[in-house]
Amino acid sequence: MDFHQLLIDRRSIRRYTDEKIDPEQVKLILEAGLLSPTSKSARAWQFVVVEDPDMLVRLSECKPMGAAPLARCPLAVVVAVDSTATEPWIEDASVAASYMQLQAAALGLGSCWIQVRDRYAADGTPSDEYVREALGIPETCPVVCVLTFGHKDEERKPQDTSKLKWENVHLGKF
């Protein structure tokens, strides 16, 4: 599959089978994140791989809406960044997370971005703090997102390119 078709076909997957992900595929997903570009080559991201079912359930409670896929995935990767090492830490983490999602799609796996930054648990605790405390992540490494990965237990239609918002593209000036 060429890259453009991969972009059309990649969709957020929220339901996974119980099948574990092959360790070589996990390595490729992580390597994609490690290969992602960063500002001034800071490479300040930190990835926490979570496969323990109890911890995945615990992480699914980091916010009341949108985190449920964590409780049902075989693998999650927490994407955090040492915010003292680079100014555009949010951007660096976002690029790394996107690279990992694209690598998963190329392997035929599903993934979903669970937003953590600027979200809150049911008790009002910042989701970032909740995840950091659960996994022992230092305070200097805010969590941007948690990615779920797994073998798809749902099929989603590819993107409809006829619905692309070309009116949002401006040539020369807005």
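1. Helix α5 is followed by Gly136, whose phi is positive, near 70 degrees. Helices (H or I, at least four residues) and strands (E, at least two) are DSSP runs numbered from the N terminus. The model is predicted: local features need pLDDT of at least 70, side-chain atom pairs count only at pLDDT 80 or more, and totals for chains, interfaces and linings use all residues. Residues are numbered from 1 along each chain as its sequence is written, and side-chain values use heavy atoms, with hydrogens and water left out.

2. Within α5, the buried residues are Ser127, Asp128, Tyr130, Val131, Arg132 and Ala134. Buried means under 20% relative accessible area, exposed means over 50%, and partly exposed lies in between (1.4 Å probe, protein chains only). These buried residues of α5 pack against α3, β2 and β4. Contact here means heavy atoms within 4.5 Å.

3. The largest nonpolar core has 24 residues. A nonpolar core is a set of buried Ala, Val, Leu, Ile, Met, Phe, Trp, Tyr and Cys residues joined through side-chain atoms within 4.5 Å. Leu59, Leu70, Val78, Val131, Val143 and Val146 have the most contacts inside this core. At least two of its residues come from each of α3 (53-59), β2 (75-81), β3 (110-115), α5 (127-135) and β4 (143-150). Not counting residues up to four places away in sequence, Leu70 touches Leu56, Leu59, Ser60, Ala76, Ile114, Val146 and Thr148. In soluble globular proteins, nonpolar side chains tend to be buried together.

4. Two packed helices are described by the angle between their axes and the distance between the axes. For α2 (residues 23-35) and α4 (residues 89-106), the axes come within 8 Å and cross at roughly 145 degrees. Axes are lines fitted to C-alpha atoms, for helices over the stretch in contact, and angles run from 0 to 180 degrees between N-to-C directions. The α2 and α4 contact is made by Leu28, Ile29, Leu30, Ala32, Gly33 and Leu35 of α2 and by Ala96, Tyr99, Met100, Gln103 and Ala104 of α4. By class, nine of the contact residues are nonpolar, two are polar and none is charged. In this scheme Ala, Val, Leu, Ile, Met, Phe, Trp, Tyr, Cys and Pro count as nonpolar, Asp, Glu, Lys and Arg as charged, and the others, Gly among them, as polar.

5. Pro37 is found in the loop between α2 and β1 (45-50). Pro37 counts as partly exposed because its relative accessible area is 46%. Leaving aside neighbours within four places in sequence, Pro37 is in contact with Asp92, Val95 and Tyr99. The C-alpha atoms of Pro37 and Asp92 are separated by 7.3 Å, although the two are 55 residues apart along the chain.

6. Thr86 lies in the loop between β2 and α4. Its relative accessibility is 9%, so Thr86 counts as buried. Beyond neighbours within four places in sequence, Thr86 is in contact with Ser39, Ala42, Ala44, Val81 and Asp92.

7. Arg156 lies in the segment after β4. Arg156 counts as partly exposed because its relative accessibility is 31%. Not counting residues up to four places away in sequence, Arg156 touches Arg11, Ser12, Ile13 and Arg14. The C-alpha atoms of Arg156 and Asp9, 147 residues apart along the chain, are separated by 8.4 Å.
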